[in-house]
Structures are given as structure tokens and as C-alpha cells.
Amino acid sequence: MTTVTIAASSGAAVTAAAPGSRVDRLVTFAVAPDGTEQSFPLIVIRGSHEGPTMVFTAGIHGDEFEGPAALWRLAEALDPSQLRGTLLLVPIANASAFAAGMRTSPVDNENLARIFPGNAEGTLSHRLADALMRTVVEKADILIDSHSGGVRLAFVPVAGFYEGGDVSAAVTARSLQIAKQMGIEYLWQLPPVNGVLSYEAARRGIAVCGAEIGGRGNCLPEDAENYLGAYLSVLAHQGMIDPAHKRAETTACLEGDWQTTPDAGYLETVVSLGSRVGKGETVAVLHDALGQTIREFPAGFDGRVMAVRHLNSVQSGDLAICVVKETIR
Ligand SMILES: [Zn+2]
């Protein structure tokens with residue numbers, strides 16, 4: 001497979017491909033402070049038959065590897081001659097953060113997941129956000145943005161959707177449908193946060209799913225496999241590939257957000273990821289450097305452990321544990 005370098009300013013040529021073909025591109029969008037040209041990778045797979053455009057992004061955070069691994073495998077697995085519609089895959093959106101193995105870019109310390117739709121006149125990360133949004137994401141009928149817990153956290157598999165806020169009822173309904181069609185363990189009603197790619201896309205009328213699977217700074221084969229199966233399932237439900245890839249739609253839904261720690265220290269999680277916990281049950285304990293208990297974190301309600309801290313060292317204000325309520329959608 002030949003890789004072609006193209007400037008993000010090249011307009012429609014960035015995402016163009018002949019019917020029934022795959023094209024691999026590096027899309028340049030800025031020059032780094034050291035003078036090197038910066039790019040993001042883009043795989044365009046155009047089916048032989050007309051259909052919707054689905055955009056898949058991963059690696060928005062540079063320490064999350066399940067999404068990239070699954071997208072590479074998706075590109076290998078698909079036969080463009082059997083595809084209806086077009087796929088735009090960005091497996092490692094944030095190259096500078098990936099190179100450093102960090103959540104944020106070491107060039108300007110920005111969190112790419114807080115600065116969409118970006119700014120063409122801004123620092124490297126802002127220019128990247130602008131280029132991704134204008135050249136790729138705005139082409140989407142459907143966007144699936146894959147994340148994980150990265151180095152610091154670990155998640156149960158959740159397919160996130162938005163409801164309310166600036167997101168229209170029609171987009172909410174479509175997004176919930178896409179999240180269900182992923183067929184992973186849980187749905188997650190995402191907290192609306194300005195600057196997050198999936199939220200900004202949803203506000204612009206695109207059906208989105210923002211997903212989390214795994215973390216711990218690595219990529220378990222079963223987690224990449226789960227993402228791959230979820231992508232194929234949505235494509236099948238949308239009529240873009242063989243319906244045999246459909247998974248049963250998810251109905252179990254999680255609602256809630258993280259508890260943060262007010263103090264620094266060593267955070268010990270005392271419940272298992274994915275387990276059920278009761279109101280008032282201790283779910284995590286913070287220790288000082290002598291091993292003494294600084295504080296205990298109780299569950300605020302009966303719920304499920306959706307995500308845990310993996311990196312035991314915490315600063316004041318860091319994410320500590322995520323216990324959420326369970327519903328059915
Ligand atoms: Zn992430």
C-alpha cells in the first residue's frame with residue numbers, strides 16, 4: 001500500500017478515492033516548532049456502491065491503543081468492492097502525543113479532546129483539531145470516536161451518546177441508535193463537555209458515538225477485538241456491509257461521572273472493575289507516603305464500577321473512581 005502525503009488545505013482531494021478502492025494518506029496541517037511538517041494518518045475506503053460516510057477517529061489521546069489497533073484491522077478486513085458508502089479512518093489522530101506516549105501533546109500541552117472545533121491560527125493542537133474537523137469529521141453522516149483509559153485509567157466497554165444540551169432530539173435518537181448497534185457491554189450517557197470531538201460533532205448535526213474500552217497503558221487483544229466487532233456491527237446495521245456482522249443491540253445503560261480526589265497520594269482501588277457496589281460501600285482508599293489512610297471513597301449510591309484508576313499515584317483533582325447508575329434504554 002503506497003502512502004501519499006497531501007495538505008489539509010487541498011479540499012475535497014483529501015478524502016477522495018475511486019469507487020471500490022482504498023487510499024492511505026498522511027494529511028499535513030502545520031509545521032512544528034522544530035521545522036518538521038506535522039500530519040495525521042487517514043485511510044479512505046470508498047465502496048463500490050453509494051452509501052453513507054462513516055468517520056472513525058482514534059488516538060485523540062496519545063496513550064490509548066485499542067482504537068488504533070482495531071481500525072488497522074478494520075481496514076484490512078473490509079473488501080471495498082463489497083462496501084456500500086465510504087469510510088474515513090483516522091487511527092492515530094494525535095501524532096505528537098502518540099510519539100511521547102502521552103494523553104496530551106508535549107508540544108503545546110493541550111488536550112486535543114477539549115479544543116474542537118480548533119483554530120487554524122492556533123498552536124499545533126488547535127491547528128490539528130481544525131484540520132480534523134474541517135477536512136474529515138464534517139464529511140461524516142456518522143462519527144465513532146474510540147477512546148480508552150490510557151496509561152492512567154481502565155474502563156469497562158461503554159458506547160457513549162449525548163442527550164440534551166445543544167444536541168437536537170433527532171441527533172440524540174440517531175446517536176443512541178448507533179451506540180446500541182455497537183453491541184458492546186454498556187451504553188453510557190456522556191456528560192456534555194465543550195471541545196470534545198464527539199460533542200462538537202453532535203452539536204453540528206452528526207450522529208456520534210464516543211466509546212471507551214480498556215486502558216492500563218496497553219492494548220489487550222480482547223479489547224481491540226471488541227472494538228473491531230463493534231465497528232463491523234454498526235456497519236452491518238447501517239446496511240454498509242454483510243448483515244452477518246450484526247451484534248445484538250445493547251440496552252444496559254450507565255449514567256454518571258468520575259469522583260475526583262481532593263488530596264494527592266497513593267490511590268488503592270478495593271473493588272473490581274465492572275463489579276456491582278452498594279451505597280456507602282468503600283470503593284477506594286487514599287494513602288499517604290507512610291501507608292496511613294488519608295480518606296476513604298464511598299459509593300454514593302447502588303451502582304456499577306464503570307472505570308477505575310490504574311496509575312496509583314494521584315494529584316489533587318485527579319480522577320479517582322467512577323461508580324455509576326444502571327438503567328435500561
Ligand atoms: Zn481518550
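With which residue does Glu-200 form a salt bridge? In this predicted model, where local features need pLDDT of at least 70, side-chain atom pairs count only at pLDDT 80 or more, and totals for chains, interfaces and linings use all residues, the partner of Glu-200 is Arg-203, with the closest N and O atoms 3.0 Å apart. Residues are numbered from 1 along each chain as its sequence is written, and side-chain values use heavy atoms, with hydrogens and water left out.

A salt bridge is taken as a side-chain nitrogen of Lys or Arg within 4 Å of a carboxyl oxygen of Asp or Glu, and by this rule the count comes to 14. Glu-200 and Arg-203 lie three residues apart in helix H5 (residues 197–203), so about one helical turn separates them; helices (H or I, at least four residues) and strands (E, at least two) are DSSP runs, numbered from the N terminus. Glu-200 is buried at 5% relative accessibility, whereas Arg-203 is partly exposed at 32%, where buried means under 20% relative accessible area, exposed over 50% and partly exposed in between (1.4 Å probe, protein chains only). Through salt bridges that share partners, Asp-166, Glu-200, Arg-203 and Arg-204 are joined into one network.

A further salt bridge pairs Glu-76 with Arg-22, the closest N and O atoms being 3.2 Å apart. Because Glu-76 belongs to helix H1 (residues 66–77) and Arg-22 to strand S2 (residues 21–31), the pair ties together parts that are 54 residues apart in sequence. Glu-76 is exposed, at a relative accessible area of 61%, while Arg-22 is partly exposed at 21%.
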